Amino acid sequence: MRLAVAATAPLGADVLERLASKHEIAYLLTRPDRPRGRGRRVGPPPAKETAERLELEVHQPERLGADFDPGEDVVVVAAYGVLIPDAALDRALWLNVHPSLLPRWRGAAPIERALMAGDRETGVTIHRTTSELDAGPIAAQRAFEVSEEDDFGSISSRSAEVAVELLDEVLPEPSFTPQPEEGVTYAEKIEPADRELDWSRPPQELLNQIRALSPHIGARAELHGRPLTIWRARLEGDELVPVEVQPDGRRRMSYDEFLRGLR
């Protein structure tokens, strides 16, 4: 099929690449280039990088006006992050890829919040984009288990894979079922406070927090008087043991290497 894709973040870039291997992509709709990284240099969003590598047309409006015309019958939305006006929604079928089992974890950070909550199961929902946040009727949904080894990166990759499988089922003849009214929860965006590890909390909760923020954000802590980011950790009995850390201003390293540096 010929599709337009609206995507910005890495999950959207992954979905775009997988869709492009099976369908004709008319263009990518993504957010404008922004300052990125420690140096705050202006750079393209991940989905644009993918589109340029695939030699796809790219559009980057700051916002979508009510007069926006997709020009295609179907737009796949995946981690786009821009409000779509009702008038534009009426001009095409906008199918949203949401990496949770809606109505659980509507909102900006469904993968992170599912991992932080210790969910043993998550999944992907394909639903029609409506004006209410992640509340549109469902076209397809599939669950999968969350293992103790999973982090944001592995769940995101699995979600993109499942999303494209579901879209291949849905696109030929979409049909929709209203979302249940029970079980609605919201996945608020990750704020700086969400990164800080509180050592008074149970070790399993701390590990869940670290997994939820790796490899893209990182959990913050102070160990042996040094501020650092913890990227990976494990449980040994009732104790949380860091595995991979990054002291401020330095590269990532094993926790053992960090300890040797202290000595």
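This is a predicted model: local features need pLDDT of at least 70, side-chain atom pairs count only at pLDDT 80 or more; totals for chains, interfaces and linings use all residues.
1. A residue counts as buried when its relative accessible area is under 20%. I210 has 1% relative accessibility and is therefore buried.

2. I210 is part of helix α7. Apart from neighbours within four places in sequence, the contacts of I210 are L197, A219, I230, W231, R232, A233 and L240. E196 lies 14 residues from I210 in sequence, and the C-alpha atoms of the two are 9.7 Å apart.

3. How many residues of α7 are buried? The count is 7 of 10, so that the helix is mostly covered. The buried residues are L206, L207, N208, Q209, I210, R211 and A212. Their cover includes the helices α4, α5 and α6 (192–195), together with the strands β12 (219–223), β13 and β14 (239–247).

4. Helix α7 also takes part in a pocket. The second largest pocket has a volume of about 210 Å³. Its lining consists of E148, E149, D151, L207, I210, R211, S214, W231, R232, A233, R234 and V243. Both α7 (203–212) and β13 (226–236) supply at least two of the lining residues. The largest contribution is that of β13, with 4 residues.

5. What classes of residue line the second largest pocket? There are 6 charged residues, 5 nonpolar ones and 1 polar one.

6. A search of the whole structure for cavities of 30 Å³ or more returns 1. The largest cavity holds about 30 Å³ of space. The residues that line this cavity are I111, A114, L115, T122, V146 and I155. By class, 5 of them are nonpolar and 1 is polar, and the lining has no charged residues.

7. Which helix gives the most to the lining of the largest cavity? Helix α4 (residues 110–116) does, with 3 residues. E112 is found in this helix as well. With a relative accessible area of 8%, E112 is below the 20% limit and so counts as buried. Leaving out neighbours within four places in sequence, E112 is in contact with F152, I190, A212, H216 and I217. One of these contacts, A212, is also one of the buried residues of α7. D198 stands 86 residues from E112 in sequence and 17 Å away in space, C-alpha to C-alpha.

8. The largest nonpolar core has 56 residues, and L19 and I230 touch the most other members. Helix α5 (residues 152–170) supplies the largest share of this core, 9 residues. Another core, of 16 residues, lies apart from it and includes A4, L29, V77 and A88. Not counting residues up to four places away in sequence, L19 touches L3, V5, I25, V76, V164 and L167.

9. The model has 2 aromatic pairs. In one of them, the ring centres of F68 and W94 are 6.4 Å apart and the planes stand at 55 degrees, so this pair is tilted. F68 lies in the loop between β5 (58–59) and β6 (74–78), and W94 in strand β7 (residues 93–98). The two are 26 residues apart, and their pair links distant parts of the chain. Are F68 and W94 buried or exposed? Both are buried.

10. Y255 and F258 form an aromatic pair that is stacked, with 6.0 Å from centre to centre and 25 degrees between the planes. Why are these two separated by about one helical turn? Y255 and F258 are 3 residues apart in helix α8 (residues 255–262), and therefore about one turn lies between them. Y255 has 13% relative accessibility and so counts as buried. F258 is buried too, with a relative accessible area of 3%.

Conventions. Residues are numbered from 1 along each chain as its sequence is written. Side-chain values use heavy atoms; hydrogens and water are left out. On a 1 Å grid over the protein atoms alone, a cavity is a set of points where a 1.4 Å probe fits but cannot get out, and a pocket is an open set with protein on both sides within 12 Å along at least five of seven lines; lining residues have an atom within 4 Å of a point. Grid points are joined across faces, edges and corners, and a volume is the space filled by probe spheres set on the points. Ala, Val, Leu, Ile, Met, Phe, Trp, Tyr, Cys and Pro count as nonpolar, Asp, Glu, Lys and Arg as charged, and the others, Gly among them, as polar. A nonpolar core is a set of buried Ala, Val, Leu, Ile, Met, Phe, Trp, Tyr and Cys residues joined through side-chain atoms within 4.5 Å. Buried means under 20% relative accessible area, exposed over 50%, partly exposed in between (1.4 Å probe, protein chains only). Contact means heavy atoms within 4.5 Å. Rings of Phe, Tyr and Trp (its six-membered ring) pair if their centres lie within 6.5 Å; planes under 30 degrees apart count as stacked, over 60 as edge-to-face and the rest as tilted.
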